[in-house]
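Thanks for coming. I will take a few minutes to walk through one structure for those who have not seen it before. Please have the sequence and the model open while I talk.

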Amino acid sequence: MTAALKVGVAGLGTVGAALIAQVARQREALAARCGRAIEITAVSARSRTKDRGVDLKKAKWFADPVALARDGDIDVFVELIGGAGDPAKRAVEAALSAGKSVVTANKALLAKHGVRLAGLAEKHRAALNFEAAVGGAIPIVKTLREGMAGNSFERIYGILNGTCNYILTRMEQDKLPFAECLKEAQRLGYAEADPGFDIEGHDTAQKLAILASLAFGTKADQSAIYVEGISSIQPADLAAADELGYRVKLLGVAVKTAKGIEQRVHPTMVRKDSAIAQVMGVTNAVTVDAEGISPLTLVGPGAGGAATASAVLSDIGDIARGVRTAPFGRPTARLAAVRKAPMQRHEGGYYIRLQARDKPGTAATIAKRLAEQEISLESIVQRHHQGRREKGSVPVILITYATSEDGVRKALAAVGRDRVISGTPQVIRIEKN
Ligand SMILES: NC(=O)c1ccc[n+]([C@@H]2O[C@H](COP(=O)([O-])OP(=O)(O)OC[C@H]3O[C@@H](n4cnc5c(N)ncnc54)[C@H](OP(=O)(O)O)[C@@H]3O)[C@@H](O)[C@H]2O)c1
């Protein structure tokens, strides 16, 4: 039997402790599946005395994760500290430079430094595996990189942040305002005390940068992604979406267009009968459109210790078996730089909610301004019981056929100048699915 794979784990928090527990529980099955035992021989965290509910007696303790990464006694370095900066970055660099394979769940590090780290892995013939960085237990990295290695991708989109999906689900089902649902998510431990990173879409963007790289061969680059969060969504939008056959989800979308790869994160209307629309609460999902196959959707727990540790352990298993794949599915020299897509050139359907002044000529003015931009309407709904009931104005909901974002923005600016609406119109992009 081959010698045991010796694993060093830096970070013993939610994911690290769950990993250690799972390695202990699955000891025999892992040895059988990988052809060798997997042993956690060294660990690092900030506090040596904290009770983490796992047995660490046999593991060598390192106060410094970088020293652990360099330790000659480990075969694999597992980084579960988090953050794009040090010590996570320096520790991963140290391990790869020493020719040691690395497993990480750190989306922030990969979205910022992934290409450089993949280059370092290539140079030192080490593996850099990150299944846990996107979608928790959902094996989406392997699906794109290996399971669909022979496919040409058209589009990939997903619900990649459980906090946002939980908030939108509660808003829709219980007709509650955003702020109240956010507070509840914080109380239940689904949202951070400082929730901005999740609700403003940045967490989703980091994960999308990784998925886009795997699907389209782009250099993972968070700054090339258009990002808009969910804080402007109101219960009135969710109620209107429901009546019109849609749901609102925060999606990360990467799509091949004639102008290049468009990467964007924003609240999105999806048809209620689509697979992605069924995904409620903290669950994550990713849909892949590839040439010649109908959409494929993977759904599952996107966070939590056990779910994330399951993905980390699958990456460790690959290393135990001697499998080494290019981190982003192809050599780094073949990854292409990607520019930020100008959203004014985005084409698609739009949901628009206006507070229209209740006076003769309003409808005609709005219709004229839309026609000037060659925008055709799929439906127009005037709802007296939805939205803000203001004296002298009524909420109007418009659903457009595919049109350009530039046209929509120009038409709405003109309608604003005509003084036939009050307040700022709500605009939500519709994703065809
Ligand atoms: N939690 C999830 O559901 C989830 C899901 C997907 C991906 N991830 C990713 O997994 C990684 C870990 O997340 P987590 O939720 O497990 O984080 P966490 O609970 O905050 O744990 C972080 C761990 O890192 C240790 N640490 C922090 N700074 C350190 C330093 N300077 N030196 C040594 N150790 C240090 C902490 O030590 P102490 O315990 O001693 O303070 C702690 O054990 C992150 O990249 C995260 O994005 C997490």
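I will go through the sheet, a hairpin, the salt bridges and the ligand, in that order.

First, some ground rules. This is a predicted model, in which local features need pLDDT of at least 70 and side-chain atom pairs count only at pLDDT 80 or more, while totals for chains, interfaces and linings use all residues. Residues are numbered from 1 along each chain as its sequence is written, and side-chain values use heavy atoms, with hydrogens and water left out.

Let me start with the sheet. Helices (H or I, at least four residues) and strands (E, at least two) are DSSP runs, numbered from the N terminus. Two strands pair if DSSP finds at least two bridges between them. In general, strands of a sheet pair through backbone hydrogen bonds, either parallel or antiparallel. Here, six strands form an open sheet with parallel pairing, in the order β3-β2-β1-β4-β5-β6. Its edge strands are β3 and β6 (128-129), each of which pairs on one side only.

Now look at β2, residues 38-44. Strand β1 (residues 5-10) pairs with β2 in the parallel sense over six bridges. Within that pairing, Val 9 has Val 43 of β2 as its bridge partner, and Lys 6 has Glu 39 of β2. Strand β3 (residues 60-62) runs parallel to β2 and is joined to β2 by three bridges. There, Ser 44 is partnered by Phe 62 in β3.

Five of the seven residues of β2 are buried, so the strand is largely enclosed by the rest of the structure.

Further along the sheet, strand β4 (residues 76-79) pairs with β5 in the parallel sense over four bridges. Val 78 stands opposite Val 103 in β5. What covers the two faces of β5 (residues 101-104), or rather, which residues sit on each side? Ser 101 and Val 103 are on one side, Val 102 and Thr 104 are on the other, and all are buried.

Next, the hairpin. Strands β11 (residues 283-290) and β12 (residues 293-301) run antiparallel and are joined by seven bridges. Val 288 stands opposite Leu 296 in β12. The hairpin has two residues between its strands, and Gly 292 in the turn has a positive phi of about 85°.

On to charges. Side chains of opposite charge can pair when their charged atoms come close. The rule for a salt bridge is a side-chain nitrogen of Lys or Arg within 4 Å of a carboxyl oxygen of Asp or Glu. By that rule there are 25 salt bridges.

I will pick out some of them. Arg 155 forms a salt bridge with Glu 431, with the closest N and O atoms 2.8 Å apart. Arg 155 lies in strand β7 (residues 153-159) and Glu 431 in the segment after β17 (421-430), so the pair ties together parts that are 276 residues apart in sequence. Both residues, Arg 155 and Glu 431, are buried.

Another salt bridge joins the side chains of Asp 237 and Arg 353, at 2.6 Å from N to O. This pair links distant parts of the chain, with Asp 237 in helix α11 (residues 235-243) and Arg 353 in strand β13 (residues 347-357), 116 residues apart. Asp 237 and Arg 353 are both buried. There is also a network: salt bridges that share partners join Arg 155, Glu 262, Arg 264, Asp 289 and Glu 431.

Last, the ligand. A residue counts as near it if one of its heavy atoms lies within 4 Å. There are 22 residues around the ligand, and Leu 12, Val 15, Ser 47, Arg 52 and Gly 304 come nearest. The shell divides into 10 nonpolar, eight polar and four charged residues. In that count, Ala, Val, Leu, Ile, Met, Phe, Trp, Tyr, Cys and Pro are nonpolar, Asp, Glu, Lys and Arg are charged, and the others, Gly among them, are polar.

Which atoms lie 2.9 Å and 3.0 Å from an oxygen atom of the ligand? At 2.9 Å there is a backbone N or O atom of Thr 14, and at 3.0 Å a polar backbone atom of Arg 46. A polar side-chain atom of Lys 107 lies 3.4 Å from an oxygen atom of the ligand. The protein covers 77% of the 890 Å² of accessible area that the ligand has on its own, by the Shrake-Rupley method with a 1.4 Å probe.

Note on methods: A polar contact is a pair of N or O atoms within 3.5 Å; within protein, one must be able to donate a hydrogen and the other to accept it, and residues adjacent in sequence count only if both atoms are side-chain atoms. Buried means under 20% relative accessible area, exposed over 50%, partly exposed in between (1.4 Å probe, protein chains only).
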